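My plan is to start with the overall layout and then look up a few residues one by one.

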Amino acid sequence: MTSPQVEKLVHPVALWPVGAVEPHGPHAPLGTDTLISVGMCERAAARLDNAVVLPPLPFGVTRYGAAFAGAIGISEATLRAVVLDVAKALDQQGFRRLVIVNNHFEPEQVATLRAAAEEAGALYLDLVRRRNAQRLTDEFRRGSCHAGRYETSLVLADAPQLVDPEVASLPSNDVDMPAAMAAGRTDFVAMGMDRAYCGAPAEATAEEGRATFETLTDMLVELVEAQA
């Protein structure tokens, strides 16, 4: 959009895609989480009145994948500061509400965004809350979904050219990530993810990805319409 186009908007809602730059197996792009957030925001904006999609925030708090090439993270303090600064700027520009859409679920990222959203008066679509997670796929609910069938299907739906054909030969790797985190394992290798993925990426399909995007978009639209 141009500056004059933004000027014509009347108290719009800003949808902000947030993700991370980190390994997603040998087959999916480093920006998988951001790509998913962008896909959700673009679909939701098409269904909402007076909503715009902000440029994505591609960097997040990511340490679990530090043993692999391509993991580029920021600190909790930096993430909080960026969220608060952007929220303040949007308020000064006359935006009615900021909605943070995150698909990187490292605990420190989620905790930071929850707190920053509350501090800024922004909305946060918390996909790991039980009421939301229960609406998603079995793999997501089991917590064995980093670059697995769930995420790979979403990438196949929007950017299939970014998924390496090697995905078809990858064996399933069942890892209960929440349980591993609770046991104090704070990196992918210690969790049993020596190729930076868990779940069943070889089972991923674009059809499942499109269906999951619809569910994710429903949740985002419901949040905005209920509270924005």
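**Layout of the chain**

I first read the order of elements from the N terminus, which is α-β-α-β-α-β-α-β-α-α-α-α-α-α. Counted up, that gives 10 helices and four strands; helices (H or I, at least four residues) and strands (E, at least two) are DSSP runs, numbered from the N terminus. I then looked up the radius of gyration, taken over C-alpha atoms, and the globule rule, 2.2 Å times the number of residues to the power 0.38. The chain comes to 17 Å, close to the 17 Å that the rule gives for 228 residues, so it is as compact as a globular protein of that length. Along the principal axes, the C-alpha atoms fill a box of roughly 50 × 35 × 30 Å.

A note to myself on the source: this is a predicted model, where local features need pLDDT of at least 70 and side-chain atom pairs count only at pLDDT 80 or more, while totals for chains, interfaces and linings use all residues. Residues are numbered from 1 along each chain as its sequence is written, and side-chain values use heavy atoms, with hydrogens and water left out.

**Inside the chain**

How much of the chain is buried? I found that buried residues make up 50% of the 228 residues; buried means under 20% relative accessible area, exposed over 50%, and partly exposed in between (1.4 Å probe, protein chains only). Next I checked contacts, meaning heavy atoms within 4.5 Å. Of those with a separation of 6 or more, 77% join residues 24 or more positions apart.

Then I turned to the nonpolar cores, sets of buried Ala, Val, Leu, Ile, Met, Phe, Trp, Tyr and Cys residues joined through side-chain atoms within 4.5 Å. The largest has 28 residues, and Leu 15, Met 40, Val 99, Leu 216 and Leu 220 touch the most other members. Among the elements that each supply at least two residues of this core are strand E1 (13-18), helix H2 (32-47) and H10. H10 gives the largest share, seven residues. Apart from this core lies another, of 20 residues, among them Ala 87 and Tyr 124.

**Single residues**

Thr 34 lies in helix H2 and is buried, at 9% relative accessible area. Leaving out residues up to four places away in sequence, I found Thr 34 touching Gly 19, Ala 20, Pro 56, Leu 57 and Pro 58. Pro 17 is 17 residues from Thr 34 in sequence, yet their C-alpha atoms are 6.5 Å apart.

His 11 has a phi of about 50° and lies in the loop between helix H1 (3-7) and E1; His 11 is partly exposed, at 48%. Ala 147 has a phi of about 60° and sits in the loop between helix H6 (138-142) and H7, where Ala 147 is buried, at 1%.
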